[in-house]
Amino acid sequence: MKKIIIPALASFAMLFAASCSNSLLEEPQKGVTPIEDFYKTEDHCKQALVAAYDAFVTETAGFTEGSIYCPFHFCFNLCADDLYGAGEFDGDNDFSPAMNEFRYDSGNPVITNTYKDIYIAMLPINQVIEYFQNGIDGKPTAITKQAVAEARVLRAYLHMMLAIGWDCPPLVDHILPADALPLNCNKDPHAAEVGVTDHNSLLIWCANECIAAADDLTERKDKTDKNGAARVTKGFAYSVAGKAYLFAGKYEEAKEELLKVIKSEKYELVPTEKYWENFHIQGDLNEEKIFEGNIENNPSINDWSGMIQRTTWMEANIWSWRSDHFVADPVTPINSIGGWGGCGVPQEFAEAMLANDGESARFKTCFYKIEDLVYNTKYDTIKTQDGKKYYIPDMTQAEKEACNLIGLDARGLYGQSFYLPYKQLPRTADLASPGTNQRKNNFTYMRYAEVLLMYAEACLQTGNNGEAKTYINKIQSRAGSKTISDNVDMNVLKKEKQFEMWLEGNRWPDMVRWGDFEKAKNAGNAVTQLYDKLSRSIDEEDNVVKDNGRFYIIIANRPNKPETGFKDKHKYFPYPMDVINNNPNIIQNKGWE
């Protein structure tokens, strides 16, 4: 499909030239604009805004220096109770399982890089706001007002995610000097001046910023307007405001803002048969997307200077299944690369969705049954066994079920059940080119389904169950679920949101604000391993928990199992160790001191 591209910024990163005694280096730099000559025109304003968008996408969706693959996506998913942080074996890529099992500390690279990346993104956003809030030569124009409004919403979104992750992080609503040592927002006199004194007031500040900016924002033209999903619009501003109010427990206010998005009629759920497209390139900028980070597919940008930084590099490897643990590879026919098996599906979660949905479009988008993968893959493989050649595509179903030329090898799949994760598994079309590990499909920050579910929750919290039922039913119907609820309450809402928004960074923040930690308290106690009886027979010492005929699940042996499970301190992430060491003004979160 044709990508909608925000205009590319001309070289803007280097505004300062370092002095050096070498006379060759004292020559004036070519193509560099001195800072005193920038921020002067509407064209400069446009360039600065593109730099802000670029930083926002790169630092939240992409790969930056020192980052662990896609930290933003991992940070708000991995602690949830509906996935395993898995891998090839116990301890593989342990930054991920450590979060999932609550073994992490203040040095965890996912937490560290997410926190730092968000603040790195803040600088070019604040530059747009500070340098153009008074327009050009003191005269605001339509262009400067819109640019500042878009930047304010981006900044509010980042602060909202910081609040969700770290409770009372520093409020950075202006450009800080290089030697600044910001305080937690609940200890900062400047933050108090703008009404931010604790966690909830920071969320309310985020909501108010979005509402104040909305008047100067454009609106998506209609449901087919792809440009309207690739930049900040009124719809995204109201969505962020509604989410911030919801997380602050301001339910009437959340309803008001979220209803504006619904009544705008600029968004709609995609049809059931296109549900899967929401998570792949075919669904980029569709009618359900309120705001996406638009990944630039530019042939002039090579892998190591632009493409990786703007894409979810290595996320493709983490999410993908381990093709090397299959006797015949069923993975690369789907996505052209093997993976690291870093995301596992708890059996009970998949079974809960199956019981609720049946074989719905939503269920099939989320999961791939191991037997379907092994038996139904279109292998183009000739295997030889006992001197006889077998062409796998010609085999009958019965022959495949008894054939050890396909299936899992003796190592099995660590952290997996009978259901493999499929929703975020990149497909070949999503990749920059077949066999690469850079996803070029857009990074979704908000889709309409989340807005409807948040609105339904706000309705339930204010006693309007009938209105909530309308939108919960709408989500269920579009999912193709066999369950269309006659009566709704918070339990129904929680279940539907977990099913609908799985692996989209919602479950863990919801668990925190709802206090739903019962399963998390046992995280890490029972990590499963999936095996194939035709390559590894059941041992008498195996702790078998499920057996479906050919495949079976055991509790993985963890001889050096550390202490695991949610404790009260895990409600918020620790401030990174090096941040604490370098900034005496930051007070560490409770329990992490």
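Three bridges, given as 3 bridges by the assignment, join strand 11 (residues 544–547) to strand 12, and the two run antiparallel. Helices (H or I, at least four residues) and strands (E, at least two) are DSSP runs numbered from the N terminus, and two strands pair if DSSP finds at least two bridges between them. You're working with a predicted model, where local features need pLDDT of at least 70, side-chain atom pairs count only at pLDDT 80 or more, and totals for chains, interfaces and linings use all residues. Residues are numbered from 1 along each chain as its sequence is written, and side-chain values use heavy atoms, with hydrogens and water left out.

**Exercise 1.** Work out the order of the strands in the open sheet of 4 strands, and name its edge strands.

*Solution.* 
- Start from strand 12: K546 stands opposite its I553.
- Look at the turn next. Strand 11 and strand 12 make a hairpin with 3 residues between them, and G549 in that turn has a positive phi of about 115 degrees.
- Now find the other partner of strand 12. Strand 10 (residues 528–532) pairs with strand 12 in the antiparallel sense over 5 bridges, with D532 opposite F551.
- Step on from strand 10: 2 bridges join it to strand 7, again antiparallel, and L413 has L530 as its bridge partner.
- Put together, the order is 7-10-12-11, with antiparallel pairing. The edges are strand 7 (413–414) and strand 11, each pairing on one side only.

## A buried helix

**Exercise 2.** Which residues of helix 20 are buried, and what covers them?

*Solution.* 
- The buried ones are R507, W508, P509, D510, M511, V512 and W514.
- That is 7 of the 8 residues of helix 20 (residues 507–514), so the helix is largely enclosed by the rest of the structure.
- The cover, judged by contact (heavy atoms within 4.5 Å), includes helix 5 (142–166), helix 8 (234–247), helix 17 (448–461) and helix 19 (490–500).
- Just past helix 20, check G515: it takes a positive phi of about 70 degrees.

## The largest cavity

**Exercise 3.** What is the volume of the largest cavity, and which residues are closest to its centre?

*Solution.* 
- First, the rules. On a 1 Å grid over the protein atoms alone, a cavity is a set of points where a 1.4 Å probe fits but cannot get out, and lining residues have an atom within 4 Å of a point. Grid points are joined across faces, edges and corners, and a volume is the space filled by probe spheres set on the points.
- The largest cavity comes out at about 420 Å³. Of its 27 lining residues, H73, Q424, F443, T444 and E504 are closest to the centre.
- Strand 9 gives the largest share of the lining, 5 residues.

How values were computed:
Buried means under 20% relative accessible area, exposed over 50%, partly exposed in between (1.4 Å probe, protein chains only). On a 1 Å grid over the protein atoms alone, a cavity is a set of points where a 1.4 Å probe fits but cannot get out, and a pocket is an open set with protein on both sides within 12 Å along at least five of seven lines; lining residues have an atom within 4 Å of a point.
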